[in-house]
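Hello,

Here is the structure I promised to pass on. Please open it and keep it beside this email as you read.

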Amino acid sequence: MSVTDPQPPAPDPHTDAAQEALRDRIAADSLTTRRDYLRIVATVSGGLAVGGVAVASGILHQHGDSEGAPEPRRIADRILPGESLAFRYPGSEDRAVAVRLDDGTLAGYSAVCTHLACAVLWRKERGSEGELYCPCHEGVFDARTGGVTAGPPPRALPKVLLVEQADGSVWAIGTTRSGETAREGLCREQGDALRICRTSPDPERNERT
């Protein structure tokens, strides 16, 4: 009687075929998943790039884009020195911020950064008068003028024109485009409805006409 090593069972061709098919399916699913992932990444990256270019070039909606005259809107009963207020004006999609500086100056701006449209925040504790700050890319704007003081924003913040009534209430009455003066913004939106728009800002020109 001889002792021999046990022989492995003969492979089942049906089992091998099933395993091979399973491996092929896993490989195909993995390839599809990787392709889908890369497609999603490329789409999102492309969308961000296009959006950034659109904002930088002024294609997307910005404060002051509309030619019509916005309705005046009461935004606060009172804003005290050192306080700020986030609000929407002239439309429900237009983020804005009002700040009262320590010397009583009241200023309003679009709260959409002119770089890539991130939200602009008020930081009272920064500098002598506070600052308007975009946390996305460290953009900084002057609280008194809206001008760029640091970071990548290419333009000043558009202004939201504010007036204070005798009872202390604060009203938004118009907007400017980036770089416009308050008078230019009002006259563009209101036209000849305002007396100041029917006269030239140049005294010499007024004397000549």
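This is a predicted model: local features need pLDDT of at least 70, side-chain atom pairs count only at pLDDT 80 or more; totals for chains, interfaces and linings use all residues.

Three strands make up an open sheet, in the order E1-E10-E9. Their pairing is antiparallel. In general, strands of a sheet pair through backbone hydrogen bonds, and they can run parallel or antiparallel.

Which strands stand at the edges? They are E1 (73–76) and E9 (160–164). Each has a single partner strand, so one side of each is left without a neighbour in the sheet. Neighbouring strands here are turned by 40° against each other on average, ignoring direction.

Now look at one pair. E1 and E10 (residues 170–175) pair in the antiparallel sense over three bridges. Find Arg73: Ala172 in E10 stands opposite this residue.

A helix joins the picture. H2 (residues 182–190) packs on the sheet and touches both E9 and E10. The direction of H2 makes about 75° with that of E10.

One residue to look at

Next, go to strand E2 (residues 84–88), where you will find Ala86. Is Ala86 buried or exposed? Its relative accessible area is 66%. The cut-off for exposed is over 50%, so Ala86 counts as exposed.

What does Ala86 touch? Leaving out residues up to four places away in sequence, Ala86 touches Ala96 and Val97. Also find Ala111. Ala86 and Ala111 are 25 residues apart in sequence. In space they are 8.2 Å apart, C-alpha to C-alpha.

Best wishes

Technical notes
Residues are numbered from 1 along each chain as its sequence is written. Side-chain values use heavy atoms; hydrogens and water are left out. Two strands pair if DSSP finds at least two bridges between them. Helices (H or I, at least four residues) and strands (E, at least two) are DSSP runs, numbered from the N terminus. Axes are lines fitted to C-alpha atoms, for helices over the stretch in contact, and angles run from 0 to 180 degrees between N-to-C directions. Contact means heavy atoms within 4.5 Å. Buried means under 20% relative accessible area, exposed over 50%, partly exposed in between (1.4 Å probe, protein chains only).
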